[in-house]
Amino acid sequence: MKRRLLGTSELEISAIGLGTWAIAGPGWEFGWGAQDDADSLATLEYAVDQGVNWIDTAAVYGLGHAETVVGQLLKRFPPSRRPLVFTKGSLVWDEKTREITHSLSPASLRREVEDSLRRLGTEAIDLYQIHWPSFPPGGPDEGLEDALLALHHLKAEGKIRAIGVSNFDVPQLKRALAVTSIASLQPPYSALMRDVEKEILPFCAAMDIGVLPYSVLQSGLLTGKMTNERIQALPDDDWRKTRSADFQEPRLSQCLKLVDVFRQIAERHRVTPAAIAIAWVLRRTEVTGAILGARRPDQVDDLLRGAEIQLTASEIALIAPYLPTGTGTNVPGSQS
């Protein structure tokens, strides 16, 4: 798989990276239901064997569990074959109540980095990102500069190799760049969430900030495998079923019409609708690599094919009329 340099960092990454939100397991606020760790490890290992060279995770995923699984993965590879690890901080939780809160405190971030290093079993984190500038989204973001300065110091100490941010808007990116170098931005971006095309992608291109979109398949909705019946059958602790507007009417019908168009194009390329949804995001030159989630090894190949397809101008034009208006949901209770 071809690799590209991530922003101003020295990290060369594949066009596809494996995300770990879906494999974080149950028992936390944003879970996707039960997940077998053996399946998770087999999936991540298979992806690395196929050329994926980076894993994206976060401390909050499964309240530390996803990072622990990634740490187990790293032990399976010699240093020369280990994937790069990107993780995130600023969302913290109470060990007793499991309540998730937000902190940009330098002391908190230092503790979070140390905890992540321990769970991952590594001496340095390749890319450490501020998960949210504020949470819930849109709230106060005081302390942003202090948080970034703390990461700048941690980078100087060798605990992290590059600094990234996630879910930042352009004014917040400008504030970040005034403090330290920013290798990448991780924004929500899919055919259902296109707000980043207006200002954020052009700004990142101008400032040489790598872009690592997440929710490219809109939490599975754009895979071509979701139907009304399957959504109703999702477990009750799967946030998509009860708290995502994309998975409920009237927006669901609009989304599924778009999937039908993806399916038509997919048939020409002999791939799945998921591959077309991925190719649609990767068509933008500002995008360095896309974060995709998989819960079983047999789901990985469809994702990788998305990096091989270059949509034609006529195919992009065919898709355009079916792009739903409005914004999709990237986390429970928020809009992109």
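I began with Arg118, which counts as exposed at 56% relative accessibility, where buried means under 20% relative accessible area, exposed over 50% and partly exposed in between, with a 1.4 Å probe and protein chains only. I then looked up Asp115, which at 31% relative accessibility counts as partly exposed. The side chains of Arg118 and Asp115 meet in a salt bridge of 3.6 Å, N to O, a term that stands for a side-chain nitrogen of Lys or Arg within 4 Å of a carboxyl oxygen of Asp or Glu. Because Arg118 and Asp115 are 3 residues apart in helix 3, about one helical turn separates them; helices (H or I, at least four residues) and strands (E, at least two) are DSSP runs, numbered from the N terminus.

I noted that this is a predicted model, in which local features need pLDDT of at least 70 and side-chain atom pairs count only at pLDDT 80 or more, while totals for chains, interfaces and linings use all residues. Residues are numbered from 1 along each chain as its sequence is written, and side-chain values use heavy atoms, with hydrogens and water left out.

I searched the whole structure for salt bridges and found 16. One of them joins Arg119 and Glu67, whose closest N and O atoms are 2.8 Å apart. Arg119 lies in helix 3 (residues 106-120) and Glu67 in helix 2 (residues 65-74), so the pair ties together parts that are 52 residues apart in sequence. Arg119 is buried at 15% relative accessible area, and Glu67 is buried at 0%.

I next turned to Ser134, which sits in the loop between strand 8 and helix 4 and is buried, with a relative accessible area of 3%. The side chain of Ser134 reaches the backbone oxygen of Gly139 at 3.3 Å. Among the residues that Ser134 contacts beyond four places in sequence are His102 and Asp141, contact meaning heavy atoms within 4.5 Å. I also found Asp141 linked with Glu145 and Arg175 in a network of salt bridges.

For the sheet, I read an open arrangement of 8 strands in the order 11-10-9-8-5-4-3-12, with parallel pairing, where two strands pair if DSSP finds at least two bridges between them. Strand 5 (residues 84-89) and strand 8 (residues 127-130) pair over 4 bridges, and Lys88 has Gln129 as its bridge partner in strand 8.

Finally I checked pLDDT, the predictor's confidence in each residue from 0 to 100, and the protein averages 91. Over residues 332-336 pLDDT stays under 50. Where pLDDT is low, the predicted coordinates should not be read in detail.

Conventions
Polar contact = N/O pair within 3.5 Å; in protein donor to acceptor, adjacent residues only side chain to side chain.
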